Amino acid sequence: MLRYTIDKLLTAFPLLVLVALGTFGLVFLMPGDAAVTIAGEGASAAQIQTVRQDLGLDQPVLVQFWDWFQGVLVGDFGTSYSYNASVSYLITQRIEVTVSLVVVGLLFASVAGTVIGLFAGLNPGGPFDRVTTLLVTLGLAAPTYWIAIVFIIVFSLQLGWFDATGYVSITESPGGWLHSILLPAAAVSVTSIADVSRQVRATASGVKDLDFVRTGRALGIPRSGILVRHIGRNSGVATITIIGLQVERLIGAAVVIEMLFAMPGFGTLLVNAVLNQDLPVIQISVLLIASVVILTNLAVDISYGLINPKIRTG
Amino acid sequence: MVALGLLALLLLVALVADWIMPHDPNAQDLLGQNAPPSATHPLGTDDLGRDILSRLIDGTGVTLLAPFIAVGVGVLIGLPVGMLAGYFRGIFDWLSTRVADALFAVPGILLAMAIVAIRGPSTVNVMIGVGVLFAPRVFRVIRAEVLAIRQATFVDAARTIGASPMRILRNNILPNTAGTLIVQCTVLLGMGVLIEAALSFFGIGVQPPQASWGVVLRRSFDSLTEAPMQSIYPGIAITLLVLAFMYVGDGIRESIGKEHREAGW
Amino acid sequence: MPESDISGVQDVTSPRVVAENLTKVFVTKRNAFGLPARRLTAVRGVSFELRQGEIYALVGGSGSGKSTVARLLTRLEKSDTGRVLVNGTDWTLLRRSALQKQRRAMQMVFQNPYASLDPTSMVVHLVGEPMIIHEKLARRDLDARVRALLDDVGLPSDSLHKYPHEFSGGQRQRLAIARALAADPDVIIADEAVSALDVSSQAKVLNLLLRLRRERSLTILFITHDLGVVRQVADRIGVLSEGELVEEAQADALFDEPTHEYTRTLLRSVPIMGRWR
């Protein structure tokens, strides 16, 4: 198990360095003089010179990368030009919204996805399976933000259950937080619920017919008991994989949904940064999110080894 | 078949758009803003009084073209790299796999956004950005497929008649990956539609006055409280288009499965 | 002067193919550092030669390493030791592009004609490819040449634009032979080339090979596990056991007086034909 874990760590580490190199390299893709672009229109020669020195653009590439990378490692993420504030300050201020959305969304996706998938897979071709299959297909095909708009029309404008915009911090009022997060988190998780339930349905309908499940039922063990114990364990690896994959998808969706619900999150910051060509913010955002995704995949890999000992020796 | 028919119909609509639009898609009618559906405006008008149906028809071309550009770029990068990595293995394979993994770790929309941020917003830049993000997906399936095909006896047979590696890649490996590639492309086309719509929502996708369905949907969002139904039509159109790509992909996958069984492969 | 041997082979001094001390070790398991942890010696110090115009049968049970020998000869696999001389050229020393040119001289017919023909290639390209590669043949001259070859191996010459899956197993093996002939080879390696076919197709394909050898004075390395087939066609026989060449003799001599225990075991397992003699 230890060697398996070390092995996985050894593949994750170069990946992180590579992502860091890539995000750093973004600056070289800028057309023309990056310092001029970043300093913005109408910047004076002195300002451009400052930007150039700040970014270290006058230094050799490897030196630039090393300085930048060292800074990143100790949490010095540089300065945003459009906000005129340190990137780490900007991010810590906004991370709560995005984390809330992704965590609640992941919860929705895993619970709703697993339950729907299990019941559909137990009785393939049944009425429940048919209805959910249709909904899953629609959920995978519809644009996330359109689903969110439909949610707003139905639940905010027509029914008046939720506010269409805004975010309440969990430290301010846990109840208010929940109320403000439910609708956007639901919208964020639709595609993921569809994806998870589709996968769980496939594994569940496959496992259902295996001998030990039939034997269990013949012995009179209650259906739900066999379900949870055996199917849960046997389709566990597949389910964890697919749920792990949702993290990347949920982050992408959260960025869009935050804008739509006017929530002061990471996504909003990022979109403004994109519109203002605020490179330091973009670099750190991409690096941060990619690191989260890589570490999630690492955790998924390691949990395989814990669930299914066979994989370790393989 | 229904899906293929729908795609053909949309293509036709895009080609004859100029003749079938009931109104000028950019003609503003400041007295008839956010009008509900009527005989003259079957889907109503937007916040500038422009006919929504005409704008959707006008946007069909870009909406269809954009994902094809993106997939084209993705294939242009991912296919050759995947084939070379899968066939020759070695350090090139190791490196390109790592790069693909790294690109995979960044959510698609973020990567596209980063590229737009750097190159500036324009329809072409956006779709090239999306193409770069598709490349590792094409790379992965092609590499896996080539790893399997290079073990095939017919590749050994090609080597013994003196075929060069490039010739084998072109004549034996490429045709045998075609099925997988086409299926993957339909998946990516659907994704491309969704990503274009999302980027247009931020105003960093297709640039006005050019209309895509994503742009129309974005515009309608601003009038959400006044005319909620406005947002429904473009959304339905996008969903149908994605569904069509999905079903066409499924259809191709099934027919390829049959062929392979017949060929005993 | 070297003496002419009984099968009528003319030139014993310069054999078509010389295999010298071939060894192949496969790594079957690696440790955590990627270093070999378990090895399997598939072929161990195998040497033999193919003389001009003869049919040499390499016989052995499954796992005896006979297919590996074929792959080492054709350089599909690199041997760990020894050399392979074809028409006097050492193939183990050749660079890739030089090897590609040389490969024309030695062609191979594989065991499974369902796997050895690319399902996406049309007959005209399958069979014509060696000519395109080695003769730089123009496309317009291709059709006639391919038709002639198809005719030669007994396939309808109007099948130029068909795909492999439209043919039966025996027909496919004829396609594979036509493709090998298209390279105008001196040597053909037939690796279990008839064992996947039904009995009547086996006989037809064997007769085809025998006729082609006569007409084109081909040298044939016939690799098989089936001594019954060997008896009908081979001039000389080499017996391979656990990667080593344990016995080599003229065909009649080997059947009459096998010297090695493994050969006797093989002979006992041959149904009817071997015993009646």
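**Notebook: annotated spans and a pocket**

I began with residues 134-157 of chain A, which are 92% helix and 0% strand, with end C-alpha atoms 26 Å apart. Helices (H or I, at least four residues) and strands (E, at least two) are DSSP runs, numbered from the N terminus. The model is predicted, so to speak by record: local features need pLDDT of at least 70, side-chain atom pairs count only at pLDDT 80 or more, and totals for chains, interfaces and linings use all residues. Residues are numbered from 1 along each chain as its sequence is written, chains are lettered from A and ligands numbered from 1 in the order written, and side-chain values use heavy atoms, with hydrogens and water left out.

I looked up chain A in UniProt, where an unreviewed entry gives "transmembrane region" for residues 97-122, 134-157, 250-275 and 281-307. Such positions are in the numbering used here, feature names are shortened, and annotations may be inferred rather than shown by experiment. For residues 250-275 of chain A I noted 81% helix, 0% strand and 22 Å between the end C-alpha atoms.

For chain B, the unreviewed UniProt entry lists five spans under that name, among them 64-87 and 99-118. Residues 64-87 of chain B are 100% helix and 0% strand, with end C-alpha atoms 34 Å apart. Residues 99-118 of chain B are 85% helix and 0% strand, and their ends are 20 Å apart by C-alpha.

I then turned to the second largest pocket, with a volume of about 810 Å³. Its 25 lining residues include Arg150(B), Arg159(B), Arg75(C), Leu76(C) and Glu77(C), the closest to its centre. A pocket is an open set of points on a 1 Å grid over the protein atoms alone, where a 1.4 Å probe fits, with protein on both sides within 12 Å along at least five of seven lines; lining residues have an atom within 4 Å of a point.

Terms used. Points joined across faces, edges and corners; volume = space filled by probe spheres on them.
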